[in-house]
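Biologist: Could you take me through some of the packing and pairing in this model?

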Amino acid sequence: MAMKHIRTAAVFMISGLFLSPSAAAEEENVWRAAYEPELPPFHYSENGGPQGFAVDLLEEIAEEENFHVIYEPMADYEAAAALENEEIDLIIGMSYNQDRAESMEFSNAYYSTSIGLFVREEEAGEIDGVTRLAGNTAAVKAGSLEQSYLENIRGVQFNETSTLEQAVKLASAERADALAGEITSVGHLLDNLGVEEDFQLVDSYMVPVEYSFAAAAENYEVLRALNNGMRTLQNNGRYQEIFQEWFPEESGPGENLVLVMQILGGTLLLALIVLAAGLRINRRLQKEVEKKTYSLHEANLSLKEQIEATKNSNEFQKQILQSSPRGMMTLDKEGKITSWSPKASFMLNTEGNKTGKYYYENPLLQYYLKDKLEDVLQHGRQFLGEERDWTRDDGIQLRLRAYIYPLYDFEQKIVGVMFTFEDISEEVRVRYQAFENEKNQALSRVVAGIAHEIRNPLTSIKTFAELIPLKFESPRFREKISTLVPQEIERLNELIEGLMDYSKSRPAKKEMLDTSDLLESCFILFERTAENKGVSLTTAIEKNLVILADRQQLKQAVINLIINAIDALAEAEDIEDKWIVLKNYVCGDEVRLVVEDNGPGMSRKVQKQAFEPFYTTKPDGTGLGLAIAKQHVEENNGSFHVESGAGDGTRIQLRFPSFHPENWKESNEEGR
């Protein structure tokens, strides 16, 4: 008896998602796709290559989206593992379930069908539906949707296989009482074995199935290309052409409706005939009621689970909003506040419901969003980790770190803005204290290093003072004392001013800074220290290379680099001529400051960790020197570049934008 079943193919088009690209798409525009080689007509191996409806569809998508596909046959469980390990980029013919959704992203469905129950013709009277499977054996593919569904029925035994084709062969060999599987593929596999007439479809809609392409979790680039490609094929009619090539016998929606009506009419006629049969009809109706009751019960349980999951999800989101240490606010595309977390009210010491108001009515949102809202809503820009000072209404000053990024709907269209912030006042205080401690340690070393430098001019001055009574009448003596004593006093003044400038604590303030003066003052402070360590400290300085920066912060950064270089060279016993050179020069529109040495250098591993706070290779080091230097440079719009290798010395460049008068003017106007 020929099988009768209803199959409906549908494509649901939504906008593609986009984030980080897959490695294959980035490097070669070649994507590796896994497919099960025994699932006709969707995908199967023939003549040494892949064939099938899904394969043709993917080839058309690849042509539209400009990528190439390499096919790798493998079972679906092998494909899932390969996808997670990034050995492949996508899987052909995956059906959605909750477990898979945790590790995969699913494209729009390209074919909708269902799981059906097949029995041999002679068994159709005994097993006429799922509810009559108790006490019988069903051939199923292991780990499939059909097995998960049938496990809910008591007394069902399973003859499991690794593929659907093997399950069909078991059923045709009479090693199972029934066969469960996707109805389209089962029909083709039975036909290939020449036993289609021996089986009957007794339950055609056990579980709905939608076949999709699957990409790795959060691989939205692949997902976007697949969805965009299918949408293009749907719009230009190519999808319908491919569908008709592989499923010419399937009717359109109107014909399917007629077929459904015919089946319903036949069912009604059969019910009337059964009704006239008396006791026989009662039994038949009882069986139908039991079957429908069971189906409704299962549907009811599933609906309850979905409702519970939705409630849990909403409650979970609510708890996140209320318990997050950050203040959170969301705005719609009109700039109206749609949510305001309790933590935000607490940190800002405000009361009342702010939802429904426009962002410019709130001083904090106006302060952060006035120049950024349009960029976020129109272009999807993100502003992350921006730090600013904020004074609350009660006069308490906070240091806030803010994050501004777009909100997307399920179609990945921007529907609003998320604004979150955190109070980092304590973090800034601790960080400042750590910086001051590091500076004090460096200051102690500087003072110790220039003690001799201060003693030398004092000795000269003392000597001249003692000789004044004896040689005051000598013109030559008076000439020397009038020349050399002021020079020694100026030398002392430079040393003391350098120490005072470095040691005093003041708020950060950007100013016009001649980098030659900065490097010269650092050289004066460390010339004697380096000499005592057996290191030659020299300079190659160009005058009038000006940048806009905070003098004290940059001086601390350069001093930390000089100290590191001196320490590294002092420990290198195998280096004879040890040297450090301080340079500045112009490159394009940048001014570059360089601290270079011929010390032991840093390996790649050390370079990766060198700027992490508290990482140090010194027995008595704090691990803050380079971290502080890097932060000070970046706070002054500079960048930090290291060139080093084990045994090759170290060259550190601090790069800053060249100073332009108009920049200074704009900066002052903003400050006012």
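This is a predicted model: local features need pLDDT of at least 70, side-chain atom pairs count only at pLDDT 80 or more; totals for chains, interfaces and linings use all residues.

Biologist: At what angle do α6 and α7 pack, and how far apart are their axes?

Modeller: Helix α6, residues 164–172, packs against helix α7, residues 183–193, at an angle of about 55 degrees, and their axes are 10 Å apart. Angles under 35 degrees would count as roughly parallel and 65 to 115 as roughly perpendicular, so α6 is oblique to α7.

Biologist: Is the crossing of α6 and α7 left-handed or right-handed?

Modeller: The crossing of the two helices is right-handed.

Biologist: Which residues make the contact?

Modeller: From α6, the contact involves L164, E165, V168, K169 and S172. On the α7 side, S185, V186, L189, L190 and L193 take part. By class, the contact residues are six nonpolar, two polar and two charged.

Biologist: Changing topic, what is the strand order in the five-stranded sheet?

Modeller: The order is β14-β13-β17-β16-β15, in an open sheet with antiparallel pairing.

Biologist: Which strands are at the edges?

Modeller: The edge strands are β14 (337–340) and β15 (383–391), each of which pairs on one side only. On average, neighbouring strands of this sheet are turned by 25 degrees against each other, direction ignored.

Biologist: How many bridges join β13 to β17?

Modeller: Six bridges link β13, residues 327–332, with β17, residues 414–423, and these two strands run antiparallel.

Biologist: What is the bridge partner of G327 in β17?

Modeller: G327 has F421 as its bridge partner there.

How values were computed:
Residues are numbered from 1 along each chain as its sequence is written. Side-chain values use heavy atoms; hydrogens and water are left out. Axes are lines fitted to C-alpha atoms, for helices over the stretch in contact, and angles run from 0 to 180 degrees between N-to-C directions. Helices (H or I, at least four residues) and strands (E, at least two) are DSSP runs, numbered from the N terminus. Angles under 35 degrees count as roughly parallel, over 145 as roughly antiparallel, 65 to 115 as roughly perpendicular and the rest as oblique. A crossing is left-handed if the near helix is turned anticlockwise from the far one by less than a right angle, and right-handed if clockwise. Contact means heavy atoms within 4.5 Å. Ala, Val, Leu, Ile, Met, Phe, Trp, Tyr, Cys and Pro count as nonpolar, Asp, Glu, Lys and Arg as charged, and the others, Gly among them, as polar. Two strands pair if DSSP finds at least two bridges between them.
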